[in-house]
Amino acid sequence: MMATTIFCWMSVRSCAQRYKSALIITGLVTFIAAYHYMRIFNSWTEAYAWTAEGTLELTGKPFNDAYRYMDWLLTVPLLLIEIILVMKLDPAETVSKSVTLGLSSALMIILGYPGETMLDAAHLSGRWFWWVCAMVPFLYIVQTLLVGLSAATDSESDPKIASLIKKAQVATVISWCTYPVVYVFPMLGIQGSNVVVFIQLGYSISDIISKCGVGLLVYNITMAKTAAIYSASGEKQSLLA
């Protein structure tokens with residue numbers, strides 16, 4: 001995460017002025033995530049200990065999964081905004097899409113958190129309820145990325161840039177689709193310490209793809225658009241490859 005932050009922020013000087021914000025936000029996303037992952041790690045090592053049999057046992061200190069949700073509350077709207085900022089949209093539509101997608105993603109995170117605390121078999125019906133609630137804004141975001149913004153993507157004059165934007169959109173959707181799957185692990189019969197481990201591993205892998213992977217795709221888009229701008233104006237710019 002932090003390596004992606006350093007790379008993106010060091011690349012800002014090589015980016016055209018109009019796309020600097022997207023690259024700065026990309027680095028900010030992984031910076032916030034890196035901080036929260038350190039807090040998650042500290043909370044995990046305090047809450048669980050390995051037994052001689054190779055299983056996890058509680059130490060008595062609660063594992064604070066709120067760190068992950070606070071990370072998502074801050075970074076998920078920014079993830080969507082960084083994609084919006086590199087698309088061919090007029091200023092008014094850029095603001096409109098950033099606000100609607102940002103608020104929708106924040107609502108999705110807020111609705112998902114209550115169910116995340118319900119791991120006992122007796123409370124799984126409540127976890128299903130919050131899963132369904134969070135899926136409503138989730139499906140709206142997916143529909144907007146793949147359908148609602150397709151016209152803007154197709155309007156790109158450079159097929160290479162259009163392809164990169166589509167890859168960023170599809171990669172975001174695919175990586176995000178793993179979250180609701182991981183969320184239902186307890187409802188699939190995985191219980192005890194195993195469910196906690198599987199949930200944390202699943203979320204972590206998804207985070208790497210959606211934050212670092214998509215972030216590097218956004219970097220490629222900004223560099224491709226920067227090269228197009230300078231090429232059209234006859235100027236030369238040293239770009240990081």
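A: One term before we start: contact, or touching, means heavy atoms within 4.5 Å. This is a predicted model, where local features need pLDDT of at least 70 and side-chain atom pairs count only at pLDDT 80 or more, while totals for chains, interfaces and linings use all residues. Residues are numbered from 1 along each chain as its sequence is written, and side-chain values use heavy atoms, with hydrogens and water left out.

Q: Is P62 buried or exposed?

A: Exposed, because its relative accessibility is 70%. Buried means under 20% relative accessible area, exposed over 50%, and partly exposed in between, with a 1.4 Å probe and protein chains only.

Q: Which helix is S11 in?

A: S11 sits in helix α1. S11 counts as buried because its relative accessibility is 0%.

Q: Let's go inside. How many residues does the largest nonpolar core have?

A: The largest core has 62 residues. A nonpolar core is a set of buried Ala, Val, Leu, Ile, Met, Phe, Trp, Tyr and Cys residues joined through side-chain atoms within 4.5 Å. The members with the most contacts inside this core are L23, W72, M87, M108, I141, W176 and Y203.

Q: Which helices supply at least two residues each?

A: Those are α2 (20-47), α3 (66-85), α4 (91-116), α5 (124-148), α7 (159-183) and α8 (192-233). The largest share, 11 residues, comes from α8.

Q: You listed Y203. What does Y203 touch?

A: Skipping residues up to four places away in sequence, Y203 touches Y37, R68, Y69, W72, E116, Y179, V182 and Y183. W72 is also on the list of residues with the most contacts inside the core.

Q: Now the outside. Which residues form a nonpolar patch on the surface?

A: M2, I6, W9, M10, I24, L28 and F31 do, with about 620 Å² of accessible area together. Patches are made of residues with over 30% relative accessible area and no salt bridge, with nonpolar side chains (Val, Leu, Ile, Met, Phe, Trp, Tyr) joined within 5 Å and like charges within 9 Å. The areas come from the Shrake-Rupley method with a 1.4 Å probe, and for residues only the protein chains shown count as cover.

Q: Which element gives the most to that patch?

A: α1 does, with four residues. I6 is in helix α1, and I6 counts as partly exposed because its relative accessibility is 46%.

Q: How many salt bridges are there?

A: Seven. A salt bridge is a side-chain nitrogen of Lys or Arg within 4 Å of a carboxyl oxygen of Asp or Glu.

Q: Which residues are linked in a network of them?

A: D65, R68, D71, D207 and K211. Within it, D65 and R68 pair at 4.0 Å, N to O, and both of these residues are buried. K211 and D71 form a salt bridge too, with their closest N and O atoms 3.8 Å apart. That pair links distant parts of the chain, K211 in α8 and D71 in α3, 140 residues apart.

Q: Are K211 and D71 buried or exposed?

A: Both are buried. For another salt bridge, look at D154 and K166, at 3.4 Å, N to O. D154 is exposed because its relative accessible area is 51%, and K166 counts as partly exposed because its value is 41%.
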